[in-house]
Amino acid sequence: MYLKMENQSAQKDTYILAVETSCDETAAAVVKNGRKALSNVISSQIAIHTLYGGVVPEIASRKHIEAVNPVIKQALADAGMRLEDMDAIAVTSGPGLVGALLVGVAEAKAIAFAAKKPLVGVHHIEGHICANYIENPDLEPPFLCLVISGGHTHLVKVTDYGRYEILGKTRDDAAGEAFDKVARSIGLGYPGGPKVDALAKEGNPEAIHFPRAVIDGAPYDFSFSGLKSAVLNYLNSCEMKGEEVNRADVAASFEQAVVDSLVSRTMHAAKETGYRKVAIAGGVAANSAIRAALKTACEENGYAFYYPSPVLCTDNAAMIGSAGYYEYLSGVRHGWDLNAVPNLELGNDIV
Ligand code: KG4
Ligand code: ZN
């Protein structure tokens with residue numbers, strides 16, 4: 001059941017308890033008025049998934065079940081608040097791993113039911129975008145947001161709070177997937193993104209020319225699978241010729257190709273839309289080369305640039321609390337039939 005109530009008054013402070021379990025982090029946070037994270041607790045499963053070279057969905061679900069109650073308790077304690085003080089419970093209901101999402105959704109429903117609090121389902125990507133509101137009190141829509149995560153690569157027009165228009169998306173791999181696969185191919189292991197980021201700093205970004213894909217008739221769409229294959233081909237050909245691979249150069253040259261693809265489309269979109277504000281979001285937005293390149297490009301073109309701290313780029317619940325606040329404020333309420341939707345599209349109402 002999905003209800004849209006009349007607009008709430010924003011007179012008094014509003015506190016949201018948010019829960020996020022869409023992938024491999026069990027997270028809970030208390031967020032005040034959508035902008036201030038009073039607590040942000042993240043229990044990472046990285047250590048266990050590292051043993052398998054990537055996220056194992058079944059293990060992720062089991063670990064969420066173990067962690068979710070202590071993490072929520074800690075989030076309330078860190079904020080110095082009680083469940084009774086909350087105005088609503090927000091939870092990621094999609095997209096993500098279905099078993100992982102279900103843990104958070106079932107938990108949030110149980111808490112909301114027991115404490116007689118409204119329940120608000122949140123889109124995970126909307127959460128990533130709203131991470132920008134937490135540390136930038138002056139940021140208000142409209143703005144352009146480049147969302148780059150492990151599962152998504154979207155260029156989004158944020159036309160208003162809770163209103164999104166997707167200008168472009170990836171045709172194949174997400175940016176984070178490309179980072180993780182390239183990391184694996186050069187023996188860096190999981191999680192790949194931060195490791196490529198660190199190693200690339202020691203390499204030459206112009207040492208190897210990897211392709212930057214362009215898609216005919218879709219200037220804002222991305223493609224990273226050709227780049228990933230080009231890296232694999234390069235590694236294979238070095239092996240066949242008995243040449244030693246400079247892994248730092250591979251990491252830096254790959255990263256540069258990603259940077260160029262992201263920056264060119266984002267700047268093009270900013271020019272075409274006339275938006276003067278550009279934000280980034282998602283785990284890959286923690287990448288130092290991408291942050292630096294977009295910052296420079298925005299400065300050169302006179303756009304304001306917004307980026308969350310690295311801890312708010314990767315999965316967390318503070319971002320869900322912010323998104324949940326704006327949905328709550330616009331009157332969104334979900335029923336006890338709220339479900340986990342693994343392939344939920346951004347821009348569709350959660351039902
Ligand atoms: O947003 P996120 O935490 O989870 C999803 O919603 O997918 O993104 C995870 C992705 C992973 O692919 C990870 O390798 C990548 O973000 N990532 C990075 C960095 N930190 C995390 N990629 C590049 N550089 C980083 N510093
Ligand atoms: Zn995410």
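Student: What share of the protein's 351 residues counts as buried?
Tutor: It's 54%, where buried means under 20% relative accessible area (exposed is over 50%, partly exposed in between; 1.4 Å probe, protein chains only). Keep in mind that this is a predicted model: local features need pLDDT of at least 70 and side-chain atom pairs pLDDT 80 or more, while totals for chains, interfaces and linings use all residues. Residues are numbered from 1 along each chain as its sequence is written, chains are lettered from A and ligands numbered from 1 in the order written, and side-chain values use heavy atoms, leaving out hydrogens and water.

Student: Why is Glu255 said to have no salt bridge?
Tutor: A salt bridge needs a side-chain nitrogen of Lys or Arg within 4 Å of a carboxyl oxygen of Asp or Glu. For buried Glu255, the nearest side chain of opposite charge, Lys201, is 7.0 Å away, so there is no salt bridge.

Student: What makes the Glu255 and Asn287 side chains a polar contact?
Tutor: They come to 2.9 Å, and the cut-off is a pair of N or O atoms within 3.5 Å, one able to donate a hydrogen and the other to accept it. So the pair qualifies.

Student: Which residues does Glu255 touch, not counting those up to four places away in sequence?
Tutor: Phe179, Val196, Asp197, Ala200, Asn287 and Ala289, with contact meaning heavy atoms within 4.5 Å.

Student: How many residues apart are contacts across the protein?
Tutor: Among contacts between residues at least 6 apart in sequence, 74% join residues at least 24 apart.

Key. Lys, Arg positive; Asp, Glu negative; His and termini not counted.
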